[in-house]
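Please look through the structure shown here with care, and then read the briefing that follows, which takes its topics one at a time.

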Amino acid sequence: MHRTARVALRVTPGQRRRCFGLLRSAGDVWACVLEVNAWRRRRRDVPLSGYQELCRVLAASGPGTFAELDTTGARSVLRRFSDAWFAAAKRRKDGDLSARYPRRRRGLVPVRWYHGTFTLDRLRVRIPTAKGTSALWVRLAREVPYPVEQVRSVTLLCEGGRLFLDVTAEVPVAVYPPGEEPDPGRVAGVDLGIIHPYAVAGPGGEGLLVSGRAIRAEHRMHLADTKARRRAVARRAPKPGQKGSRRWRQYRRRARLVEGRHRRRVRQAQHEAARSVVSWAVEQRVGVLHVGDPRGVLAIPAGRRHNLRLRQWQIGRLLQILTDKATPAGITVRLVDERGTSSTCPACRRRVPKPRGRTLSCPHCAFSGHRDLVAAASIATRVPGGGSTTPTDVVLPEVVTHRRAGRHLPGAGRSRRDPRRPPRAARGSVGPRRPAPPPGGESLAFKARIHNTHRTPGER
């Protein structure tokens with residue numbers, strides 16, 4: 001099983017310039033492949049898409065064509081292009097006409113080096129460069145979480161103006177003491193959502209709810225912050241075709257940094273949520289996770305606001321993160337159809353109108369329960385590859401464990417206030433501050449006046 005960890009780089013100005021030079025050279029390789037295929041398309045020839053034929057074209061270009069980028073790094077770009085081409089071809093063959101072949105230029109393209117071409121020495125990494133150039137040693141912000149002998153590849157990339165190194169290692173499957181390993185006969189259902197990224201219903205009446213309200217608040221506050229920043233600089237934005245000023249370049253750089261920080265915060269919270277699910281499954285000795293696949297809703301247009309929420313949901317990433325963490329733990333993840341699980345009563349098996357909150361109440365049999373846990377319990381009874389969608393022998397959780405994802409996010413602490421929001425006094429609030437409640441717990445609110453407008457006959 002391969003695992004990947006992202007580690008930031010601490011580089012000097014000279015090292016930063018050389019690293020970005022490697023990424024730009026990789027972008028030049030990508031652009032050259034696009035140009036060659038454009039020439040062949042105009043001549044009605046078959047485009048170059050196979051990895052081996054692309055490598056032959058690269059070898060014919062000669063050494064030193066792409067500055068300090070070595071052959072191994074250039075071939076990794078060709079591998080990325082070939083994989084993207086055949087993935088689009090497969091999707092189009094399956095009937096997805098929205099799939100597009102890679103025909104867009106990229107300024108910076110990630111570069112990968114495989115085992116034996118780089119050197120990893122605790123907090124230092126030697127990045128391979130072209131023959132005849134000086135060695136490029138960079139420093140890591142933290143130690144790699146895998147042993148050196150397990151590392152198989154490193155990938156240099158840029159995100160939000162910062163340099164990172166993706167370290168991929170081959171991690172063995174966990175070994176448990178006798179009697180504590182996951183049991184393939186114990187199946188748990190997982191329901192994906194926005195408010196609760198993972199809702200799990202396991203055997204024996206056990207359940208797990210992972211709250212993602214902090215992640216949703218991070219998306220909302222980042223969107224509001226971005227809109228406010230754009231309104232503030234709209235007047236000094238350059239016209240189309242006009243060169244931007246130094247202030248405008250600084251604003252664009254700041255926007256890229258904020259966007260990269262937002263993506264890193266959300267990604268870390270998603271990893272925390274998946275780790276909570278896998279840890280809970282190991283404690284319950286769950287061997288199989290049936291995960292409802294809700295990706296069918298992405299193709300349904302629901303307005304720009306709801307479409308944005310669906311894109312921020314990042315269903316595919318949640319599935320991938322959960323699979324990557326469950327496989328080394330010895331847990332199997334299977335995708336099943338989740339249609340109707342959140343709107344079908346498990347008791348009388350009738351359709352239930354969608355509730356406004358998180359409680360599902362059946363008007364036919366007076367059943368009531370948590371909507372996400374009911375869906376997870378129904379998902380646990382379904383089998384992969386289709387089959388009956390009628391819930392049978394649904395075991396609803398009786399003991400629910402609550403976890404929260406994203407404690408590192410701003411405003412997720414005890415104060416529940418995002419630091420990007422100004423304090424209430426700065427927003428122009430009026431009136432005196434309400435004092436703290438007394439130790440006894442009695443409320444300091446004003447006593448409510450009860451206006452009795454009903455009068456007895458003859459009363460004035």
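In this predicted model, six strands form an open sheet with mixed pairing, in the order S12-S11-S8-S9-S10-S15. Strands (E, at least two residues) and helices (H or I, at least four) are DSSP runs, numbered from the N terminus, and two strands pair if DSSP finds at least two bridges between them. Residues are numbered from 1 along each chain as its sequence is written. Local features need pLDDT of at least 70, side-chain atom pairs count only at pLDDT 80 or more, totals for chains, interfaces and linings use all residues, and side-chain values use heavy atoms, with hydrogens and water left out.

- Strand S12 (332-337) and strand S15 (399-404) are the edge strands, each of which pairs on one side only.
- Strand S9 (residues 198-201) pairs with strand S10 (residues 206-211) in the antiparallel sense, over four bridges, and tyrosine 198 has valine 210 in S10 as its bridge partner.

**Two packed helices**
- Helix H4 (residues 213-233) packs with helix H5 (residues 246-283) at an angle of about 175°, their axes being 11 Å apart; axes are lines fitted to C-alpha atoms, for helices over the stretch in contact, and angles run from 0 to 180 degrees between N-to-C directions.
- H4 is therefore roughly antiparallel to H5, a description used for angles over 145 degrees.
- Residues in contact (heavy atoms within 4.5 Å) include Ile215 and His219 in H4, and Trp248 and Tyr251 in H5.

**Confidence**
- The mean pLDDT (the predictor's confidence in each residue, from 0 to 100) is 85 for the protein, and 88% of its residues reach 70 or more.

Technical notes:
Angles under 35 degrees count as roughly parallel, over 145 as roughly antiparallel, 65 to 115 as roughly perpendicular and the rest as oblique.
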